[in-house]
Amino acid sequence: MNATTSGAAGAPAAADGGSGPRTPDRARAAAAAVVDPELRVVTIDELGILRDVAILDERAVVTITPTYTGCPAMDVIRADIRAALAAAGWPDAEVRTVYSPAWSTDWISPAGRTKLAAAGISPPAPVRAGPVPLTLLRTRCPRCGSADTEQLSRFGSTACKSLWRCRACREPFDHLKAL
Amino acid sequence: MAQRLGEWAAAAPEMEEDIALANIALDQLGAARLLLSYAGEAEGAGRDEDALAFLRDDRQFRNCLLVELPNGDFGQTIAKLLFLSAYQLPLYTALAAGPDERLAAIAAKARKESAYHLDHGRMWTIRLGDGTAESHARMQAAVDAVWPYTAELFASDPAAPVDPAALRGAFDATVAEVLAEATLTRPADGWAPTGGRDGLHTEHLSFLLAEMQVVHRAHPGARW
């Protein structure tokens, strides 16, 4: 619980170092570009974890929300955000964590879903699917696209995933659980 | 509950179950951290989540007895999971609609996770209860062993944000449905141990805390 980390590996260096104008847009872009440490193909913005970036009294304040309450990646994400903002000219950024409204997989952006699928992680079905019954939205294999899939385990390598297998191409794959 | 479920890591009947129980433990730990942090702030005595988790002695813990019971066999762990999540789901649902915004936010988050835990407990209870003669007998024995500890969950406390007594109906309905599908019998109410919320625990809690707290106490203020 006291974990501290120097792991800023997920924080991209700002393209122009710390020398550009300190605009709110630039702070927002720096935070949005931070990569999720466990789903390394998507950014925290694409995942819907990033809720807000504000400038209060010359200081960047970034608000995030966890996917799951016990998500162990949160400490790394906070450190990465601070490192990314420092690189963009906002040293000493504050990261606030909010829990309401609770994160939903519906917040994952279309770009995020495409990237997850390309990395072999099948994206979640919409939680609020409207008129289409959820049972019709079969989990598709991210490799061959077949809907002939089966769940191997309701839990996976991280809190947000379950483990599946494609009966068509026989490959196992991760599926981001709809929440 | 997180500490107990963590004991299954690398010891569950199959690898998928190792991962499942560890994931549920992580959710329970996450909710516990948020609630302890809030409790520490509300108390205003400068205690944080670590102080409350690692520096209190057994008599100062206010948890229900059910969560401190030893894991027993896999069926008994599943019975505990089923009963606890069937209680936590309506509890968090009610807290999420309550006037305390901070508590409501935590509960809204934990509620989604509880629903998933309940699904897991339900699935295994049905699979074991409606399985072989051996699995049926052991699941029934597990339900019988844990059942007395469910009464304490619903002891009325008008001072609580949600009176636990009001959650009994939802719990009974869920449990009745699951046990029926699992071809198991709901045990008769009888002996109903209590006292956990007053700090009067089974001896199991002391051993659990000794293991959970030893590193923190041996290395005060350590960081990693």
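1. **What chain A is built from.** In this predicted model, chain A contains four helices and seven strands. If you walk along its sequence, these elements come in the order α-α-β-β-α-β-α-β-β-β-β. Of the 179 residues in chain A, 42% count as buried.

2. **A cis peptide bond.** Have a look at the link between S100(A) and P101(A): it is a cis peptide bond, with omega at about -5 degrees. To find P101(A), go to the loop that runs between β3 (94–97) and α4 (110–118) of chain A.

3. **A positive phi at E58(A).** E58(A) is not a glycine, yet its phi is positive, at about 70 degrees. You will find E58(A) in the loop between β1 (50–56) and β2 (59–64) of chain A. Is E58(A) buried or exposed? It counts as exposed, because it has 8 C-beta neighbours inside 10 Å, and a residue with 12 or fewer falls in that class.

4. **A positive phi at R170(A).** R170(A) is another residue to check: phi is near 70 degrees, a positive value in a residue other than glycine. The loop that holds R170(A) lies between β6 (161–166) and β7 (172–176) of chain A. R170(A) has 10 C-beta neighbours inside 10 Å, so it counts as exposed.

5. **Two helices of chain B.** Now turn to chain B. Two packed helices are described by the angle between their axes and the distance between the axes. How do helix α4 (residues 74–96) and helix α5 (residues 101–129) of chain B cross? Their axes come within 7 Å and cross at roughly 150 degrees. That angle makes α4(B) roughly antiparallel to α5(B), because angles over 145 degrees belong to that class. The crossing of α4(B) and α5(B) is also left-handed. As for the residues in the contact between α4(B) and α5(B), 17 are nonpolar, nine are polar and two are charged.

6. **The largest nonpolar core.** Finally, the largest nonpolar core is made of 88 residues.

Definitions and conventions: Residues are numbered from 1 along each chain as its sequence is written. Chains are lettered from A and ligands numbered from 1 in the order in which they are written. This is a predicted model: local features need pLDDT of at least 70, side-chain atom pairs count only at pLDDT 80 or more; totals for chains, interfaces and linings use all residues. Axes are lines fitted to C-alpha atoms, for helices over the stretch in contact, and angles run from 0 to 180 degrees between N-to-C directions. Angles under 35 degrees count as roughly parallel, over 145 as roughly antiparallel, 65 to 115 as roughly perpendicular and the rest as oblique. A crossing is left-handed if the near helix is turned anticlockwise from the far one by less than a right angle, and right-handed if clockwise. Ala, Val, Leu, Ile, Met, Phe, Trp, Tyr, Cys and Pro count as nonpolar, Asp, Glu, Lys and Arg as charged, and the others, Gly among them, as polar. A nonpolar core is a set of buried Ala, Val, Leu, Ile, Met, Phe, Trp, Tyr and Cys residues joined through C-beta atoms within 7 Å. A residue is buried if 20 or more other C-beta atoms lie within 10 Å of its own, exposed if 12 or fewer, and partly exposed in between; C-beta atoms are placed from the backbone.
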